[in-house]
Amino acid sequence: MSRENHSNDPDTYLIESSVPDVRALELKTRHAIEAQKQELRAMVGNKYQDLISAADTIITMSKNAQAIKTNFERMQTNYDVQTIKANAKKALELRDQKNNSTIVDTKRRYVYCIAALVKSLADVPEQMWHAMENHRYLHASRLFVLAEKVYDYLEQEKQKSFVDIEVAFPVIQRQWDAVSAFKQHIIQRSLHYLCISEQTPEHLAEIMVGLMLLDNMSYQDTLQKMLDMRLNVMREIIQQHKTRRLSHQLKEITTVFKRTLIQTFSIFVPTQHTSLIESFVASFQQTFLIPSKSSHGNETPSQPAITRLFSPSSNVHLMVRYLPDTLQTYLPVFDPSSPLTHQDVQAMVRAWTKHVEQYLQHHLSQPLAAIQSHADLVQLRTQVFESLEQHDTSWQTASDSLLSSYSIWHGLYRDTFNAYARSMVDTALNTLAQQPQKVWQTVMEASQQADFSVTMHVWPDMTDQHHHAFRLPHLSSAEEIKAFTRDLAETVHDRTNDLYRLQDAFDTTLARIRKDIQVYLSMEGACDTKEDTETIKTYFENQCLDTVMAYADQLQAFIERIAAWTDQNKINHGSIFLGRLAKNIGCLSKELPKALSVSLDTMPVFELRSRIHQDLKYTQVQDKLLYVYHQSHTPWLDWLEKKFAQDLESTLVLTKWNDACPSITVWENVEQDIKIPTQSTNDIVKNLYFVCEEIQRINSTMIDQTIMTQLREKLLHVVNRVYQTHMERLEMTENGALQLIFDYLFLSSLFEHTNSTVIQFLKQQVDPINWASYEYHLKSQVNKFYIRQSLILSVLTHATHETYESQNLPCADGMVCRRDMEAVYGTCEKPAYPAAS
């Protein structure tokens, strides 16, 4: 069953069969056609030769019978006794004989007429086949109409003829059945041939006249049919994109579009008061012919149209004289309605053009999908431009008349090309937008390791399992020295293998997309080309901005997802890893500023490394990525704050703040009778040192001022909160209060802020007279201790990237005084002791 369906469907057969099978089928079909033609000719020729022979035999038999009769009469006259009577009747017999001869001639002429009509009906199928094979569809239509009139005449004669036509010519009905099937075939072939744009307007006009004659079409119907068929041609061209080059397809679509408008203008737009199609219709209705100078085998100026019904091998001049006058002088009668005005043609062409534009906008993207790069798209666009730039005066005239200076590029291709360029940008950037999934996969794999490190270790040791930045090269190896130099540069930015790989994937993908987009900038063309280029460039820059912002949003979402883990160490490292990737992309990527401001010119180094004339989009992206970087440290900051608070609370609660305070043992005499603290409590220093260790563990050089400021603010808040919470509960003596004051002043110096409430409460625990003696020396010792500890706690003391000297002022005695202590206590001056009473 499927085999039969395939044989009835040419498209399916051609798809599923091989080339030899198709050629074999073609050869078999051609042989079958020729065999049927020969059979038709044989059938028609053999039968009607017998018919003519029978008619001649009848005439001969009539003559012979008459001769025999005359001879018998002569014998009777010569040998009969009543000769006198016979002679008397001779005059009468001669008169009757003359009347009988006239009747015979009339009957003979009538039989010849019927035979000629049957002969024409027998010859017309071959003539129609020959006309259609040569694409003379008007002539085929005219033959069919004449054959139809012949059949109608024969049907009328059946009622009044003295000859039984059905008995004498039984083939008439079967022959008409064969001829009548040609009507739809001629119409279909005519409509199909309207698809062929490589025709002259005159030939197209003839086909349209044939459709008016055979299918009762109007002027508007024929024009609409031609436009519909041309639209179907464009659809077929688009659907062949898998087997043909796209540039050839677009060139062919352009050619079909141009020719359609030119032919429509030549056929339907009036010139000198009448259009081509109107002149053809008028001539055809008056003469049943097309003017000889423009026809395609449709004219016969020396013979009437009825002669074309007979085979060329027939003696036409002997047969035509027997045909009735109504057929010899037949003229067609059909109504094509009123001719189209210029405005009517304009409206129809514009509506058709709109349909073409809509179809290409929806379906041209299918063949364009084979283009994978903007370079190929630009090359295709250039080829389209070259085909459109070919000068054609007839096209210009037609477009000015029908579409008011229509631009094929703007109307048919521009929007589709630009839309596909945008879709290619979206597709390319989509690969960049999917990279965070690989980042997450990397984080998950790293989190499974026993020791998840986010920083590099410069020098390896025997037991170190972390990633090492580099190893010392052999001085004799140039390649190793070059690799050492490159790795040394990477070490500056503390980029581990994973960070380098992920950032390199980002830069590589973005560079490939940007270089593809730059092809538009190197293309020179008309103003509309430059406008399209600028549009695509702007679209790419905006989409690149949105993609990178979405990239940052995904990193932010991953950081929030990591916050739900249970292992705090992995939470800290995972979040910081994602944050550093965001920072590396925002600050170290060389491709990101180029992609956000596409240009053929290389940006100067000072513009890439500074914020001079920096692109606003690049600034926006950097701010977003740095925000992600700062947010990534939030879990670590919260954890460090909590840890420091716990340790500080434990120190305050567990330490004795009375005369048995352990720190009193290391107090020193600043004067003979004044012994005060000279260093902070060891546990407090250890707590601060733990914070510094944690900062160094994640590489303090990669922590910017914003994060350190947040950390210092959190730690300062912890100090104030813990002291305010616990100082009223502590059991302290004057010596314990002095040590607490020293510790708090040291912490305040470190974080550059002092809470006067805490100081005032602790001062109340010391005798005022003694405090007057201790105050100056205590501040001096705090300052000295701060200077000593600044080397160990440098990541906290220099967190704002300011030099140590800029944070201090000289005191009155040549010592150094912290600015924050000056803000709390004023300038450092020796106290004026009260005079003895």
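Glu26 is partly exposed, with a relative accessible area of 39%. Here buried means under 20% relative accessible area, exposed means over 50%, and partly exposed is in between, using a 1.4 Å probe and protein chains only. This is a predicted model, in which local features need pLDDT of at least 70 and side-chain atom pairs count only at pLDDT 80 or more, while totals for chains, interfaces and linings use all residues. Residues are numbered from 1 along each chain as its sequence is written, and side-chain values use heavy atoms, with hydrogens and water left out.

The side chain of Glu26 meets that of Arg30 in a salt bridge, at 3.3 Å from N to O. A salt bridge is a side-chain nitrogen of Lys or Arg within 4 Å of a carboxyl oxygen of Asp or Glu. Both residues sit in helix α3, four residues apart, which is about one turn of the helix. Arg30 is exposed, with a relative accessible area of 52%. As for the naming, helices (H or I, at least four residues) and strands (E, at least two) are DSSP runs, numbered from the N terminus.

## Salt bridges across the chain

By the salt-bridge rule, the count comes to 16. Now for a pair that reaches further along the sequence. Lys37 and Glu133 meet through their side chains in a salt bridge, at 2.2 Å from N to O. This pair links distant parts of the chain, with Lys37 in helix α3 and Glu133 in helix α5 (residues 90–133), 96 residues apart. Lys37 counts as buried at 16% relative accessibility, whereas Glu133 is partly exposed, with a relative accessible area of 40%.

Arg259 and Glu198 form another salt bridge, with their closest N and O atoms 3.4 Å apart. They too link distant parts of the chain: Arg259 is in helix α12 (residues 246–268), Glu198 is in the loop between α9 and α10, and 61 residues separate them. Arg259 counts as partly exposed at 30% relative accessibility, and Glu198 is exposed, with a relative accessible area of 57%. Elsewhere, Arg414, Glu531 and Asp532 are linked in a network of salt bridges.

## How helices pack

Two packed helices are described by the angle between their axes and the distance between the axes. Axes are lines fitted to C-alpha atoms, for helices over the stretch in contact, and angles run from 0 to 180 degrees between N-to-C directions. Angles under 35 degrees count as roughly parallel, over 145 as roughly antiparallel, 65 to 115 as roughly perpendicular and the rest as oblique. A crossing is left-handed if the near helix is turned anticlockwise from the far one by less than a right angle, and right-handed if clockwise.

The axes of helix α9 (residues 182–193) and helix α10 (residues 201–215) come within 10 Å and cross at roughly 150°, so α9 and α10 are roughly antiparallel to each other. Their crossing is left-handed. Helix α12 packs with helix α18 (residues 374–388) at an angle of about 30°, their axes being 10 Å apart. That makes α12 roughly parallel to α18, and α12 passes α18 in a right-handed crossing. Helix α20 (residues 408–433) and helix α23 (residues 497–521) have axes 9 Å apart and pack at an angle of about 170°. That makes α20 roughly antiparallel to α23, and the crossing of these two is right-handed.

## Backbone spots to look at

Most residues other than glycine have a negative phi. His135 is not a glycine, yet has a positive phi of about 60°. His135 is found in the loop between α5 and α6 (137–160) and counts as partly exposed at 27% relative accessibility. Ser405, also not a glycine, has a positive phi of about 60°. Ser405 lies in the loop between α19 (393–402) and α20, and at 53% relative accessibility counts as exposed.

## A buried asparagine

Asn720 lies in helix α31 (residues 705–726). Asn720 is buried, with a relative accessible area of 11%. The C-alpha atoms of Asn720 and Thr754 are separated by 8.5 Å, and the two residues are 34 residues apart along the chain.
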